[in-house]
Amino acid sequence: MQSPSKGGENQTRIAARSSMIDSLRGCGLSGMRIDKEELKRKLLMPRYLRLAMRDSIRFKDPNAGQSRLANGAGAGASISAGDGEEGEETGPPESPMVVFINCKSGGRHGPMLKERLQQLMGEEQVFDLADVKPHEFVLYGLGCLEVLARLGDSGAKECRERMRVMVAGGDGTVGWVLGCLGTLHKQGQEPVPPVGIVPLGTGNDLSRSFGWGGSFPFAWKSAIKRSLYRATTGPTCRLDSWQLMLSMPEGEVVEPPHSLKLTEECALDEGLEIEGSLPEKTTSYEGVFYNYFSIGMDAQVAYGFHHLRNEKPYLAQGPITNKLLYSGYSCTQGWFFTPCTSVPSLRGLKNILRIHVKKVNCSEWEQIPVPSSVRAIVALNLHNYGSGRHPWGNLKPEYLEKRGFVEAHADDGLLEIFGLKQGWHASFVMVELISAKHIAQAAAIRLEIRGGEWKNAYMQMDGEPWKQPLNKDFSTFLEIKRVPFQSLMISGD
């Protein structure tokens, strides 16, 4: 199979060189020495504000920090004399910042990294996700600063307006924080803090896409200082997010991932042709993803691996171990061999009855065929997928024009939809010898799936897989549309 990507051999060399540069960047080998005290002055908020935020989060009340204002600063002042610690600036810093850390990510590095961050910027500005959830910070931490600002405290006002957020974790952790910060858009509480990343996960595709590297650095103590410094000065860029709505017949039991929440309202487009009739009652879920959604064999492998890791956590000791286990596990699940042996009916995605999409600059739904050869369909938002791979490819202008595509970007309002045929095809795609099977670019997607020979469908969003039960009499519908606002990311380049 010949790929429509630019310059075959040259592209492979560029990809290899990019991967090496990405690794060096992740290791923090930029040659820049950062003074610890200078960095602290840029990041550390006045002590009374740190304590006010801590009190508000602890008591789950944005007003709980007002006593710190009375003790520390009067209306219109940033802080009273003598309230700062020794060697601490008493005014608002240049780039006030908080860090969320998932200590379960990054193998053995999580607890050590947490301690290091607390040394660099104060323990009240470092949140362990096991103790403080992102929505609690949004409601009570930022809420506290807004309350104090309304009371006339200029320090709180400036810290709220300049606030930046770093997330030390994998793609799922970053998405969790972005989703919680996104509620500020809905409520008109702007500005929304931009987000930078310390990559602690397995794939780290969000981190790669915005220049923060693809792995936790070897020389991590000095690299963390450089990452925090880059986060204070890095320009911001935008990232699309996508809302997934799932509607299924009532009575079907599903164990949804963390990113899917039960909802009473599910406004699916009712103007499209469907198979048969609709059930009298439905159960609906909704969630948001930033990187990709997939259905099929790749999600089935991810689902099995996810449960294996939960049942035997001692097997997963870090990103490299996870990747080796995942590769070995995929070989046991029919991803490579099933089409040639016992279950030929599993060759295609026969449970998908219809796919409708809204294409570039088009407001009308268009039905597209489900390729009979593919066993997984992926809708991709970022250029990176599967630990920095580029399955969509860098396509030639003439190929883009022929297919009606445009150049892919993370903020273009479009998803790239492609198919993977089986493990061998996916392997060649992942090493960028060929491109995936291009299906469409879409501003919205609608899937109709039905049971029968298939009792379940396997799906995943941003690495969180689940098993979706299917009804043989009534269809399950899945609709993906772009969230009307974009997330702000800090560029690490």
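User: How many of the 14 residues of α10 are buried, and what should I read from that?
Analyst: Buried here means under 20% relative accessible area, with exposed over 50% and partly exposed in between (1.4 Å probe, protein chains only). In α10, 10 of the 14 residues are buried, so the helix is largely enclosed by the rest of the structure. Keep in mind that this is a predicted model, where local features need pLDDT of at least 70, side-chain atom pairs count only at pLDDT 80 or more, and totals for chains, interfaces and linings use all residues. Residues are numbered from 1 along each chain as its sequence is written, and side-chain values use heavy atoms, leaving out hydrogens and water.

User: What do the buried residues of α10 pack against?
Analyst: Contact means heavy atoms within 4.5 Å. The partners include α2 (36-43), α5 (109-121) and β19 (487-490). Among the buried residues are W220, K225 and R226. Helices (H or I, at least four residues) and strands (E, at least two) are DSSP runs, numbered from the N terminus.

User: How does the span of α10 from first C-alpha to last compare with the one expected?
Analyst: The expected span is 1.5 Å times one less than the number of residues. Helix α10 (220-233) reaches 20 Å, close to the 20 Å expected.

User: Which strands form the open sheet, and in what order?
Analyst: Strands of a sheet pair through backbone hydrogen bonds, either parallel or antiparallel. Two strands count as paired if DSSP finds at least two bridges between them. Here seven strands run in the order β7-β8-β6-β18-β15-β10-β11, with antiparallel pairing. The edges are β7 (260-263) and β11 (366-368), each pairing on one side only.

User: Which strands does β6 pair with?
Analyst: Eight bridges join β6 to β8 (282-289), and W242 stands opposite F289 there.

User: How many aromatic pairs does the count come to?
Analyst: Rings of Phe, Tyr and Trp (its six-membered ring) pair if their centres lie within 6.5 Å; planes under 30 degrees apart are stacked, over 60 edge-to-face, and the rest tilted. The count comes to seven. One of them is Y385 with F418, edge-to-face at 5.9 Å centre to centre and 85 degrees between the planes. Both of these residues, Y385 and F418, are buried.

User: Why is the pair of W392 and F405 tilted?
Analyst: Their ring centres are 5.2 Å apart and the planes sit at 45 degrees, so the pair is tilted. W392 is buried at 4% relative accessible area, and F405 counts as buried at 9%.
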